[in-house]
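Let's take a walk through this structure together.

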Amino acid sequence: MEYLQMIEKPLVLIGCAYLSWKLIRHMLNLLIVGKDPVKILVTGAAGQIGYALLPLIARGAMLDHDQPVIIHLLDVESAAKELEGVKMELVDGAFPLVKDIVATTDVVEAFQGVNIAVMLGGFPMKEGMERKDVMPKNVSMYKAQALALEQHAASDCKVLVVANPANTNALILKEFAPSIPAKNITCLTRLDHNRALALISERLNVYVSDVKNVIIWGNHSSTQYPDANHATVSSISGHKPIKKLVADDDWLNTEFTTNVQQRDAAIVEARKMSSALSAANAACDHIRDWVLGTPKGTWVSMGVCSDGSYGVPEGLIYSFPVICEKGEWSIMQGLKIDGFSREKLDETALELIEEKILALSCLKS
Ligand SMILES: NC(=O)c1ccc[n+]([C@@H]2O[C@H](COP(=O)([O-])OP(=O)(O)OC[C@H]3O[C@@H](n4cnc5c(N)ncnc54)[C@H](O)[C@@H]3O)[C@@H](O)[C@H]2O)c1
């Protein structure tokens with residue numbers, strides 16, 4: 001009898017705690033079911049990155065796995081038939097998170113009310129062409145889309161430019177859509193970031209998930225500076241600096257850097273087409289971390305509007321190490337920049353200044 005009295009209280013307490021937990025979970029589930037769909041626009045959606053990206057969005061890999069989405073697809077008139085085919089495949093996927101799909105060649109309809117815009121649409125650089133050959137077409141396209149973004153997208157729309165020249169296309173959007181906060185316009189360097197993680201993991205024979213905090217500085221071009229000076233590998237004994245583990249500065253400053261910079265060319269050579277699967281995956285990583293936050297103690301690379309940090313001219317769209325929290329990115333401050341890195345940071349900034357001048361002159365002529 002005494003024994004029963006002794007266990008009665010703890011049993012009642014456990015029972016109450018269990019019921020409270022069930023109630024909280026039920027209420028959370030009610031909240032989750034009630035999530036409003038997020039409208040995501042993908043431009044250039046009939047292209048090859050679009051084809052790899054759309055199923056990732058539809059399955060919930062870009063936002064939360066319980067986040068409903070409405071997908072807007074934009075492409076040019078000449079690709080309207082392919083675009084319709086992509087829409088048909090998305091419909092046939094019967095993705096539970098997809099609440100609606102709008103496939104259009106009308107820029108105004110495409111941008112209507114979108115919360116996130118992933119800009120893949122662009123005029124491609126064909127064999128024998130240089131950046132300056134495609135610049136006039138791309139910057140005019142981005143100026144026109146800036147107007148649609150400003151007038152028709154949600155005022156806090158988050159924009160990721162993937163199409164090349166990615167940094168300068170993003171800069172044109174920022175200049176010509178002034179009512180969208182400059183912080184909301186970014187470009188993709190996460191693919192280069194992921195490539196750098198993968199190269200380090202191969203070199204050290206460790207899992208890629210244990211490598212973190214590489215940095216891509218600057219332009220998404222061959223002047224970008226992949227920097228492993230602050231990167232680490234996690235192990236049961238803590239985080240070890242990659243510089244120490246590799247113990248070969250020459251490799252880090254030459255082979256590592258050029259392999260990241262020229263990976264695109266290597267993929268084109270092997271596939272006869274540029275990277276699509278990895279680019280789509282990186283676009284997903286970029287938006288997911290921006291919206292949901294970077295893991296504690298980890299930064300990622302994003303092309304963002306410079307505030308003058310690390311001596312990078314203000315206003316350029318430049319790739320920095322960033323941490324994300326509550327839907328906002330901020331540049332990781334206080335990293336030591338050695339003489340070699342300084343030169344590289346300035347070199348890629350100079351290229352971006354030249355691109356900006358060229359882009360603005362294209363718009364005047
Ligand atoms: N930043 C990066 O890391 C990165 C990586 C890979 C590729 N890219 C770039 O991404 C872009 C897309 O690559 P892809 O392989 O999918 O190219 P793609 O040629 O297969 O697709 C591009 C699509 O854009 C469309 N398009 C052209 N003009 C448009 C406009 N005004 N509005 C809407 N759509 C338009 C085309 O019709 C085409 O369907 C390219 O510019 C490529 O260089 C960037």
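Before we start, a word on terms: two strands count as paired if DSSP finds at least two bridges between them. Helices (H or I, at least four residues) and strands (E, at least two) are DSSP runs, numbered from the N terminus. What you're looking at is a predicted model, in which local features need pLDDT of at least 70 and side-chain atom pairs count only at pLDDT 80 or more, while totals for chains, interfaces and linings use all residues. Residues are numbered from 1 along each chain as its sequence is written.

Now to the sheet. Three strands make up an open sheet in the order S7-S10-S11, with antiparallel pairing. S7 and S11 are the edge strands, each pairing on one side only. In general, strands of a sheet pair through backbone hydrogen bonds, either parallel or antiparallel.

Take the S7 side to begin with. Strand S7 (residues 211-212) is joined to strand S10 (residues 232-235) by two bridges. Here valine 211 sits opposite valine 233 of S10, and lysine 212 faces threonine 232 of S10.

Time to zoom out. UniProt, in an unreviewed entry, places the feature "domain: Lactate/malate dehydrogenase C-terminal" at residues 189-356; its positions are given in the numbering used here, feature names are shortened, and annotations may be inferred rather than shown by experiment. Over residues 189-356, the chain is 45% helix and 21% strand, and the end C-alpha atoms lie 18 Å apart.

How is the protein divided into domains? The domain assignment gives domain 1 (36-187) and domain 2 (190-360), with bounds that come from an automatic or database assignment. Taken over C-alpha atoms, the centres of domain 1 and domain 2 are 23 Å apart.

And where do they touch? 30 residues of domain 1 are in contact with 25 residues of domain 2 (contact means that the C-beta atoms, placed from the backbone, lie within 7 Å). Several elements each supply at least two residues of domain 1's side, among them helix H2 (48-58), helix H5 (131-152) and helix H6 (166-176). H6 gives the largest share of that side, seven residues.

Note on methods: Two residues are in contact if their C-beta atoms, placed from the backbone, lie within 7 Å.
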